[in-house]
Amino acid sequence: MKRVDDFRLQLGKHELVPIMVGGMGVDISTAELSLEAARLGGIGHISDAMVPTVSDRRFNTKYVKTKLKQFKFNVANTDKAVVKFDLGLLAEATKMHVGRTMDAKRGDGLIFINCMEKLTMNAPKETLRVRITAALDAGIDGVTLAAGLHLGSFGLIEDHPRFRDAKLGIIVSSLRALQLFIKKSARTNRLPDYVVIEGPLAGGHLGFGMDWAKYDLAVIVAEIRDWLKAEQLDIPLIPAGGIFTGSDAVAFLEHGAAAVQVATRFTVSKECGLPEDVQQEYFKAGENDIEVNTISPTGYPMRMLKNSPGIGDGIRPNCEAYGYLLDANGSCQYIEAYNREVALHPDAKKVKVMDKTCLCTHMRNFEIWTCGHYTYKLKDTTRRNEDGSYRLLSAEHIFRDYQFSTDHQILLPPE
Ligand SMILES: Cc1cc2nc3c(=O)[nH]c(=O)nc-3n(C[C@H](O)[C@H](O)[C@H](O)COP(=O)(O)O)c2cc1C
């Protein structure tokens, strides 16, 4: 019976344990978590979501305060079009986050950054270019293009000296999305070095509509694999979404996948950025406590725990401090929903906004508990403490369980 450790992922000159820990914003996949994956010979991800905000928390910088001060005059204004990021400071924050992570890297594995196109920041192209460029400047091993079609992203960085040496990959949820990406970036004469195929059971935003349950990861992987073969393209494929045991991973590796991307099991690791009380909520969740809804202002469906405190909360939009989801016109679906509720309830001290959420604020504060479909199985991956709480696991324990387990077994931590 095979185990994940019988396989290796070859990426250029790197031979890796074929386990990639997926990016989880906002700072849920921390530097510490990514460093463990790299130390153990796999690939870890940090995330480029809200990096100035994350930097303030981790490195005591003052990016949020400075931005809020600059745009304070606009706080009560319903129109947020003037609220822009300072690109120099954005580059500085990204370089610090990435640079410090790379300085701490040990072992043979790699560290990538998950770069989300949907983080439009009131200047989609310019801010994306700055974020990817700064990450490359700071020595990131690779960039995973996520949450979006990224049709122009290679073009944004094609003049960067590391454009051909850094590993560049893309996340897709369909063959069609991959075909479009390859067609649109053909001009740069560069294929992605790997393709993450994310199915409907993943955490975070989904690349499907609300009919996500109709889709099957294995079917999409087979479609993409067969098309690449017919086109004589050799690109490592990395399925993601619902791969919960080493044996789940082996099934994909035996059918032509080069590695797997996993995330949910690491949400209950000590190195994960979620606060421990939130991690206990993940452990406690039953199958019916998880939903896919449309409250994300990005327009993508998102999976989360139903008891996430951010759901329905009608706070005033915090774009002057954050503003990561302002689109190219300086708008956000949450602002529209919030303004509508305020207009409908002019005398209310605080409104409820059920259809959208202020994702920046609530992801920043760990109040939207996004999670994968199999979060309800996390309780079976550990032991309970005397007080009834669940014991957190080390990232190493989880990583090695994926690497060495057989027969769908999950190794519990020592008594
Ligand atoms: C808490 C959480 C946050 C996530 N955030 C992001 C994100 O910011 N960007 C992204 O591309 N994927 C995100 N994902 C998706 C993961 O990177 C990964 O592809 C997927 O969850 C793998 O499936 P699994 O969780 O069933 O193992 C997130 C997943 C989780 C569980």
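## Loops, fold and ligand site

The model is a predicted one. A147 sits in the loop that runs between β6 (142-146) and α6 (153-157). Although A147 is not a glycine, its phi is positive, at about 45°.

The peptide bond joining G25 and V26 is cis, with omega about -5°. D27 also belongs to the loop between β3 and α1. The phi of D27 is near 60°, again a positive value in a residue other than glycine. D27 has 8% relative accessibility and therefore counts as buried. As background, most residues other than glycine have a negative phi, and most peptide bonds are trans.

The chain as a whole has 13 helices and 15 strands. Its radius of gyration is 21 Å, close to the 22 Å that the globule rule gives for 415 residues, so the chain is as compact as a globular protein of that length. The C-alpha trace spans about 65 × 55 × 40 Å along its principal axes. Of the 415 residues, 60% are buried.

Strand β4 (residues 43-47) is mostly covered, with five of its five residues buried. In a regular strand the side chains alternate between the two faces of the sheet. In β4, I43, H45 and S47 lie on one side and G44 and I46 on the other, and both faces are covered. β4 pairs with β5 in the parallel sense, over five bridges. Within this pairing, S47 has N114 in β5 as its bridge partner.

Elsewhere, three strands form an open sheet in the order β9-β13-β12, with antiparallel pairing. β9 (204-205) and β12 (290-293) are at the edges, each with a single partner strand, so one side of each has no neighbour in the sheet. β9 is joined to β13 (residues 302-305) by two bridges, and these two strands run antiparallel. H205 stands opposite M302 in β13.

What surrounds the ligand? The shell holds 21 residues, and the closest are G23, E198, G242, Q261 and T264. By class, the shell has eight nonpolar, 12 polar and one charged residues. β5 (110-116) and β11 (260-262) each supply at least two residues of this shell.

| Residue | Protein atom | Ligand atom | Distance |
|---|---|---|---|
| N114 | polar side-chain atom | oxygen | 2.9 Å |
| G203 | polar backbone atom | oxygen | 3.0 Å |
| G241 | polar backbone atom | oxygen | 3.2 Å |

On its own the ligand has 610 Å² of accessible area, and the protein covers 95% of it. N114 links two parts of this description: its side chain supplies a polar atom 2.9 Å from a ligand oxygen, and in β5 it is the bridge partner of S47.

Definitions and conventions: Residues are numbered from 1 along each chain as its sequence is written. This is a predicted model: local features need pLDDT of at least 70, side-chain atom pairs count only at pLDDT 80 or more; totals for chains, interfaces and linings use all residues. Side-chain values use heavy atoms; hydrogens and water are left out. A residue is near a molecule or strand if one of its heavy atoms lies within 4 Å of it. A polar contact is a pair of N or O atoms within 3.5 Å; within protein, one must be able to donate a hydrogen and the other to accept it, and residues adjacent in sequence count only if both atoms are side-chain atoms. Accessible areas come from the Shrake-Rupley method with a 1.4 Å probe; for residues, only the protein chains shown count as cover. Helices (H or I, at least four residues) and strands (E, at least two) are DSSP runs, numbered from the N terminus. Ala, Val, Leu, Ile, Met, Phe, Trp, Tyr, Cys and Pro count as nonpolar, Asp, Glu, Lys and Arg as charged, and the others, Gly among them, as polar. Two strands pair if DSSP finds at least two bridges between them. The radius of gyration is taken over C-alpha atoms; the globule rule is 2.2 Å times the number of residues to the power 0.38. Buried means under 20% relative accessible area, exposed over 50%, partly exposed in between (1.4 Å probe, protein chains only).
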